[in-house]
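This briefing is meant to be read with the sequence and the coordinates side by side. Please look over the fold before turning to the individual residues.

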Amino acid sequence: MNVCPATVLDARFPAFMAGLPLRKVLVELSEGYPVDDYERLLAVLRPLRRRGLRLAIDDVGAGFSSLRHVIRMSPDVIKLDREVVTGLDADAVTRSLVRSLCAFARSAGALVVAEGVETPGEADVLREVGAHLAQGWFFGRPGPVELLYLPAQATVG
């Protein structure tokens, strides 16, 4: 579920979240908004995270995201913005940055998800530098909902 800091700070948020199976919920803190009060934000999230809620920082590498933001929030998932993924295979500086972010995530116990992967070269570099997961048109274009379901007689494997 994507949320902005103001949503988390809304007095109704904890009650809403209390009704969910938190071990199955990943909140993506949208990075398009600044965080004015980390302590207040963390005070709302801490009890939810103790009950199993997972936290992702979305769009790392764009907008208001900063290393301070990632460090303060201590997320379970770091989602790399497509701006740092696009052309990664042709840009040594960006590749170095992504490699460092992947190493940081590993040491912090977080997963890295790369967004906006569109070429085999980007996918190869992401695998090489240690990104855990990737999403983007290289892996598949949007399609009809029918493609999400396997017929009852189909097997996987």
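The model is a predicted one. Its strands include six that form an open sheet in the order S1-S2-S3-S4-S5-S6, with parallel pairing.

**Sheet**

- The edges of the sheet are formed by strand S1 (2–3) and strand S6 (133–134), each of which pairs on one side only.
- Strand S3 and strand S4 (residues 77–80) run parallel and are joined by three bridges, and Ile57 has Ile78 in S4 as its bridge partner.

- Asp58 sits in strand S3, which covers residues 54–60.
- If neighbours within four places in sequence are left aside, the contacts of Asp58 are Asn2, Glu28, Leu29, Ser30, Glu31, Lys79 and Glu115.

- Within helix H7 (residues 120–129), the residues Glu122, Ala123, Val125, Leu126 and Val129 are buried.
- Viewed down the axis of H7, these buried residues fall within an arc of 165 degrees, so they line one face of the helix.
- Arg127 and Glu128 are exposed, and they are carried on the face of H7 that is turned away from its buried side.
- The cover over the buried residues of H7 includes helix H5 (82–85), helix H6 (92–108) and strand S5 (111–114).

**Residues with a positive phi**

- Gly130, which comes just after H7, takes a positive phi of about 100 degrees.
- Asp59 is not a glycine, yet it has a positive phi of about 65 degrees; this residue lies in strand S3 and is partly exposed, with a relative accessible area of 23%.
- Ser74, likewise not a glycine, has a positive phi of about 45 degrees; Ser74 is found in the loop between helix H4 (67–73) and S4, where it is partly exposed, with a relative accessible area of 44%.

Conventions. Residues are numbered from 1 along each chain as its sequence is written. This is a predicted model: local features need pLDDT of at least 70, side-chain atom pairs count only at pLDDT 80 or more; totals for chains, interfaces and linings use all residues. Side-chain values use heavy atoms; hydrogens and water are left out. Helices (H or I, at least four residues) and strands (E, at least two) are DSSP runs, numbered from the N terminus. Contact means heavy atoms within 4.5 Å. Buried means under 20% relative accessible area, exposed over 50%, partly exposed in between (1.4 Å probe, protein chains only). The arc is that of the directions from the helix axis to the C-beta atoms. Two strands pair if DSSP finds at least two bridges between them.
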